[in-house]
Amino acid sequence: MYLKAFSHFAKKINQLIRPTRIDHHLISIAAIDIVSQLQENNYEAYIVGGAVRDILLGFPPKDFDIATSAKPEEIRQIFKHSRIIGRRFKLVHVIYKKEIIEVSTFRTAPIEKIHMKNGILKDNEYGSLIEDIKRRDFTINALYYNPIKKKLIDSYGGENDAKKRTIKLIGEPNKRFKEDPIRVLRALRFAAKLNMNIHRQTLIQIKPSMKLLDTIPHARVFDEILKFFLSGHAKSSYMIFKEYDLTTKYLPALNNLDSNFEEFVFKALNNCDQRIANNKHISPGFIFSVFLWKDVFNLWKKIETKYPHSSIALNEAIESVIFKQNKVFAIQKRFLTAMSEIWRLQIRFENLNQKKVYRLFSHPRFRAAYDFMLIRAESKQFDKNLSEWWIKFVNADDGSRKKIMNKKNYV
Ligand code: ATP
Ligand code: MG
């Protein structure tokens with residue numbers, strides 16, 4: 001019975017393979033070459049998932065994934081510059097000039113009963129192409145493209161869904177969310193990233209499945225949240241966070257922002273999206289420092305008079321806010337230092353004493369703190385004249401900097 005269903009599916013796949021007008025200009029040469037080499041070695045190989053989806057939508061993918069029948073060790077043997085990686089499952093990174101292409105072996109769908117002890121789904125069983133297609137999350141992510149034959153395998157109508165701008169889970173939504181609850185966040189992330197709607201049946205299961213997210217290892221959720229905000233669609237991600245109340249679950253400081261702080265957050269998120277569009281980097285510490293700033297600032301101002309120095313009050317506020325946030329959803333330690341420094345440096349922009357200005361200017365975290373201060377000034381939280389003095393100072397050459405330093409009567 002099982003086999004019969006399978007051969008039926010295989011037949012169906014053959015009918016679904018079709019020539020397509022995929023724009024090869026949007027495909028990385030590395031990806032095509034790797035697929036070609038795998039095929040020359042008699043393995044099946046396709047460009048898969050998000051990359052195919054993005055190309056069909058007409059924009060260049062940020063990275064390329066390849067799915068193949070070759071096992072990790074076999075892939076390793078074909079590509080000299082490659083390494084096997086992965087904790088949850090093994091996959092191979094092929095290093096091709098400056099690009100890294102992820103090559104993974106076809107896998108089966110996870111079987112609900114075999115969960116590993118630590119709550120991580122056991123989904124590292126190798127499988128066939130058909131099984132690999134079935135384990136994919138959304139129809140728009142289950143697209144396989146053979147760039148040599150220029151044929152697309154689209155077993156679940158993903159191309160059509162992409163055109164209709166619909167995010168639709170493959171199979172029964174309730175079951176697929178239970179199988180791997182991170183898909184709840186993925187559905188919402190793709191809605192933000194691709195500006196798409198979630199298909200009705202998938203959408204119905206989102207809210208009831210939300211609590212399953214608590215069963216996922218923290219690091220997986222954390223990575224997913226970083227993708228929401230560091231991939232060039234931070235502003236729409238923020239809207240989705242609000243709409244689905246993910247703020248209460250992960251970033252309660254974003255609830256009840258007054259219009260000033262909301263303006264500050266919007267400006268910062270726009271700024272981040274702009275940076276990504278210009279191929280610049282955003283540090284996760286910066287994003288979190290923006291998100292928690294309202295709480296830090298309000299507490300700082302509330303307790304300021306109790307301390308001999310404002311900076312001590314600021315430190316107290318920082319510690320207290322981080323403690324509170326970490327009880328709800330812990331921010332990884334490696335980002336806490338950056339966050340705290342961005343906040344701590346804010347107070348130092350108020351002091352134009354020559355020695356202090358230069359010391360601040362040479363601080364390793366100056367640039368992030370400076371960007372943060374400028375956004376504060378733009379949203380009426382920091383003296384505009386003072387911020388303009390800093391802009392002049394930063395953009396000047398060494399000689400003119402001295403002159404600017406002497407003109408501290410900026411008002
Ligand atoms: P992007 O990289 O733009 O965020 P993507 O679709 O490429 O989007 P990845 O996380 O890179 O997302 O995953 C690559 C592919 O692996 C997906 O397109 C999907 O087919 C599959 N995939 C990833 N995570 C899951 C999951 N939790 N369940 C099922 N399939 C998944
Ligand atoms: Mg991807």
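**Terms and their grounds**

Mentor: Let us begin with helix α21 (residues 398–406), where Asp398 and Arg401 are three residues apart and therefore separated by about one helical turn. This is a predicted model, in which local features need pLDDT of at least 70 and side-chain atom pairs count only at pLDDT 80 or more, while totals for chains, interfaces and linings use all residues. Residues are numbered from 1 along each chain as its sequence is written, chains are lettered from A and ligands numbered from 1 in the order in which they are written, and side-chain values use heavy atoms, with hydrogens and water left out.

Trainee: Which residues are linked with Asp132 in a network of salt bridges?

Mentor: The network links Asp132, Arg135 and Arg136. Within it, Asp132 and Arg136 have their closest N and O atoms 2.7 Å apart, and both of these residues are buried. The structure holds 21 salt bridges.

Trainee: What makes a residue part of the surroundings of ligand 1, and how many residues surround it?

Mentor: A residue is near a molecule if one of its heavy atoms lies within 4 Å of it. By that rule 18 residues surround ligand 1, the closest being Lys62, Arg136, Arg183, Arg189 and Lys193.

Trainee: What places an atom of Arg136 in polar contact with ligand 1?

Mentor: A polar contact is a pair of N or O atoms within 3.5 Å (within protein, one must be able to donate a hydrogen and the other to accept it, and residues adjacent in sequence count only if both atoms are side-chain atoms). A polar side-chain atom of Arg136 lies 3.1 Å from an oxygen atom of ligand 1, so the pair qualifies. A backbone N or O atom of Asp137 is 3.2 Å from a nitrogen atom of ligand 1, and an N or O atom in the side chain of Lys227 is 3.5 Å from an oxygen atom of the ligand. Of the 580 Å² of accessible area that ligand 1 has on its own, the protein covers 85%; such areas come from the Shrake-Rupley method with a 1.4 Å probe, and for residues only the protein chains shown count as cover.

Trainee: Which elements give two or more residues to the shell around ligand 1?

Mentor: They are α3 (50–56), α8 (182–194) and α11 (218–230), with α8 giving the largest share, six residues. Helices (H or I, at least four residues) and strands (E, at least two) are DSSP runs, numbered from the N terminus. The chain has 21 helices and 10 strands.

Trainee: Why is Asp371 called buried?

Mentor: Asp371 has a relative accessible area of 18% and is therefore buried. Its place is in helix α19 (residues 366–378). Neighbours within four places in sequence aside, Asp371 is in contact (heavy atoms within 4.5 Å) with Arg275 and Phe286.

Trainee: What makes Asn256 exposed, and where does it lie?

Mentor: Asn256 has a relative accessible area of 71% and so is exposed. It lies in the loop between α13 (246–250) and α14 (259–277), and its phi is near 50°, a positive value in a residue other than glycine. Lys380 has a positive phi of about 55° although it is not a glycine; with a relative accessible area of 61%, Lys380 is likewise exposed.

Conventions:
A salt bridge is a side-chain nitrogen of Lys or Arg within 4 Å of a carboxyl oxygen of Asp or Glu. Buried means under 20% relative accessible area, exposed over 50%, partly exposed in between (1.4 Å probe, protein chains only).
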